[in-house]
Structures are given as structure tokens and as C-alpha cells.
Amino acid sequence: MIEKYRNRLKEIIEMSFRTLEMKLANGGIISKNEASFQLELGYILKVFGQLYEFHPNEKFNLEMENYVKLKSTSIKSNSKNARVDILMTFGTEKEFATGAIELKFFKKKNHREPNNRYDIFKDISNLEAYKENGIDLNYLFISTDHNHYVNQSKYSADTKDFDIRKGSKYKSGQVLEYRTAKPYGPPITLKGNYEFDWSEPTDNIYFTKIEI
């Protein structure tokens, strides 16, 4: 039964991502920053989630900026409390699936490099921790209008470890290190294998998602 709710929650999340992509790419939604991006996705998730409540006992619940308790210290918060962008539950009181989404929305005019690339891997590290702490479905969803993240010819030697360009891959156990004189953050090592597969741009907007 729990597997049923996990599968349906996955459908809700995947459809919501595709809907947000199409609306942003075609002007149906205009997001100016990460906060509005989060609100728009939250609204779409809520709509699909409620449509998937097929029985009176089934409920879709969504909370933004809620906390998850971790077994180990988060590299993002330096504590065992992690604040999740979007946290969801779907099912009945007795049987339900859970999901977590971290979001990144990078605008070219707010270019914050190379720290943005580091923060992506930091979010993946947190999502791995959520999974280890019982969250069933964990996603990182990224949107940008800046091709620097997608098809830049190369990154600097000091920050090349944090590579998110189309087709780039991360291998489990690889140490990612900031080699500047004053590192933005400590080295990051992830447990999973990941590949960045950006969508073709529509109206110069790119999307990618990583499922943990």
C-alpha cells in the first residue's frame, strides 16, 4: 500500500515539474526570484496533489520551509536540523509516502559564481541525508536563464570540481573541493552517482532535475 502512495506521489511531483517548466518557458508564469519560483511550484503541487486524492481518507499535504531532523550534521546548516524548501506527505493517516524538494533558481542578472554551483552539491548532500532519514522521494529542481551553468566551455581550475554542465557526471565518493585562497565552504563528498541533463532552452530558460 505504501508503494502505491509512493508511486502516485512521484507522478504528482513529475507532472508538477513539467507543468512549471512549460508555464515558465511560455510566459504563463513569470518568476523573478527563487521565492516566487518556490511559491509557483508549491501551488501546482497542491493542485495535482488534491486531484490525486481519490478516497476521502487520502490527503496530500505540503509545507514550505519545514524542518527535518537528521541523524548526522548537515553541511548546509551545520546542525542536525535541516530546513527543506518543500516537504510533502500523501496517503492516509496510517499509510503514506513522503517527499522533499530543494529548489535553485539562478537569474543571469544576479550572477553569483562560483558559489551557486557549490550550493547545488550542498543541496544534493542534504537530500541524501533526507533519504537516509526516511523521506521516500527526494529531488533537486534547478532553473536558470544563464547558459554559464549549462554549456560554459570550462570553469576555473579552483572551482572546476563543481561541474553541473550538460552531460557532466558525479561518481560516488568523489571529493569536491574549493581551491581558492578562502574557500566558500568545506569539501563535499556525495554517496550517489549523478548526471546533469539540462533541457533544451525554451525562451532561453533551462531546467534540470536530480532524483536522489
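Contact here means heavy atoms within 4.5 Å, and angles run from 0 to 180 degrees between N-to-C directions, with axes fitted as lines to C-alpha atoms, for helices over the stretch in contact. Helices (H or I, at least four residues) and strands (E, at least two) are DSSP runs, numbered from the N terminus. This is a predicted model, in which local features need pLDDT of at least 70 and side-chain atom pairs count only at pLDDT 80 or more, while totals for chains, interfaces and linings use all residues. Residues are numbered from 1 along each chain as its sequence is written, and side-chain values use heavy atoms, leaving out hydrogens and water.

Let's start with the sheet. Five strands make up an open sheet with mixed pairing, in the order β1-β2-β3-β4-β9; two strands pair if DSSP finds at least two bridges between them. At the edges stand β1 (59–69) and β9 (206–211), each with a single partner strand, so one side of each has no neighbour in the sheet. From one strand to the next, the twist averages 25°.

Now look at β9 and its partner. Strand β4 (residues 137–144) pairs with β9 in the antiparallel sense over six bridges, and Tyr139 stands opposite Glu211 in β9.

Next come the helices. Helix α1 (residues 2–25) lies across β1, β2 (81–91), β3 (96–106), β4 and β9, and runs at about 5° to β4. Helix α2 lies across β1, β2, β3 and β4, at about 140° to β1.

Finally, follow α2 (residues 34–51) to Leu51, which is found in this helix. Leu51 is exposed, with a relative accessible area of 55% (exposed means over 50%, buried under 20%, partly exposed in between, with a 1.4 Å probe and protein chains only).
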